[in-house]
Amino acid sequence: MLGGKGGQLSRLKGTYRAAFQVVFGSRGLRVATVSAVVVGAVVVGSGLVCEGQEVAKNQATSEIRAEDLDLRLSEVQVIGTHNSYHLAPLPEVMRIISLTGKGVADAIDYTHLPLDRQYTEQGIRQIELDLYADPQGGLYSKPIGMQALGAGVRDDRMAFDFDEVMQRPGTKIIHAPGFDYATHVPTLRMALEQTVAWSKSNPNHFPIFVLLELKESVTGPAGVKAIPFDSKLLDGLDSEIRECVPQSMLMTPDVVKGGEGTLREAIEKRGWPTLKDCLGKIIFALDNTNALVQRYLEGHESLRDRVMFVSVGPEHPSAAWMKLNNPFSDFERIQEYVRRGFLVRTRADGDTKQARKNDTAQRDRAMESGAQFISTDYPAPDERWSEYSVRWPDKRVYRRNPVTSR
């Protein structure tokens, strides 16, 4: 996602195309494949895991205070990251993007740590991944921006052979296929394997909430068209998650629903499980609010047998969590839904604007709203601009929810 979805991102198509003509018009595009050097890597499944990559061995027994174990998941707040896989484009690519306008380049000029380091060093317990279907493999293996760099330039931040990994069939993780392609984890399988490995090394951790945004269109010149997620691909996505995440780690809609007739009834009668019952769990949610939600629900009343929760209104039978990204305009609704026991995700910042100005107004409003998941691009400050960051004063993983404190 780029900013507020309808902002900078919506203007990229025309401006990227114009810039593309300026840069490549008369001489054409130099086609070259940039491959990162892979040192000591082994393939696991269809993902890539680096030998020697140490996962922190914390047992996470101190993450949740003893007096808080009986709190429900809806009664606390955690910090999450937006586009958790994202690496800012290389300077050479950023210069091309800048031709479309400084604001467009500024909006994507942020970089996250690898997922395991976010969990360990920054206490992140909610991540967001942008997914593109690629059932045959190779659709996104040659981004225009990468080809423009030529064979002599590689991005050493990506510790894998980009072309080789992207040639494999499976769900891909990138922001924009043409120019904003740099990623810590190019496949969903890799992201899940890293998260599961970290979870196994930290078995009593606060649950991790994974938002998956399914992309069905591309922005800017990319030379490819995104593949829509039809019912077969949606079923395949659920299967891919189940293949990578042990059943014992998953907290699915069926688990939360229990014996109640609908998911909403379970939330209204019992609420979300307690932190004690969530230790070491991984929860998945569909970060779309369009027709994809209905497609995912078809044949699965109240999300029966599904892996992901969906963002729907509070009266919907599948209601359990909602995405309300604006803590200013959505403030009252967020508080209402939190009081009713639903989970809510909101945003503390976007497009790098708050970090550049050290503007904490949206961050503070998000925290006050009671939204349980507060997403940011800045779990740590970007020293180029300011001290702006989003974290709890004591740097703990969570805090008690100010709306539901008891």
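A charge sits over a ring if NZ of Lys or CZ of Arg is within 6 Å of the ring centre and within 35 degrees of the ring normal. This model is predicted, so local features need pLDDT of at least 70 and side-chain atom pairs count only at pLDDT 80 or more, whereas totals for chains, interfaces and linings use all residues. Residues are numbered from 1 along each chain as its sequence is written, and side-chain values use heavy atoms, with hydrogens and water left out.

Select arginine 365 and phenylalanine 331: the arginine lies over the face of the ring, 3.5 Å from the ring centre. Next, select arginine 306, whose charged end sits over the ring of tyrosine 296 at 4.1 Å from its centre.

The tour now turns to ring pairs. Rings of Phe, Tyr and Trp (its six-membered ring) pair if their centres lie within 6.5 Å; planes under 30 degrees apart count as stacked, over 60 as edge-to-face and the rest as tilted. The count by this rule is 11 aromatic pairs. Select phenylalanine 209 and phenylalanine 373, a stacked pair with 4.2 Å centre to centre and 5° between the planes. Phenylalanine 209 belongs to strand S6 (residues 208-215) and phenylalanine 373 to strand S11 (residues 373-376), 164 residues apart; strands are DSSP runs (E, at least two residues), numbered from the N terminus. Both phenylalanine 209 and phenylalanine 373 are buried (under 20% relative accessible area, 1.4 Å probe, protein chains only).

Move on to tyrosine 378 and tyrosine 388, an edge-to-face pair with 6.0 Å centre to centre and 80° between the planes. Tyrosine 378 and tyrosine 388 are both buried.

Finally, select Phe160, Phe162 and Tyr181, which form one aromatic cluster.

Methods. Helix = DSSP H or I, 4+ residues; strand = E, 2+ residues; numbered from the N terminus. Buried < 20%, exposed > 50% of the residue type's maximum accessible area, 1.4 Å probe, protein only.
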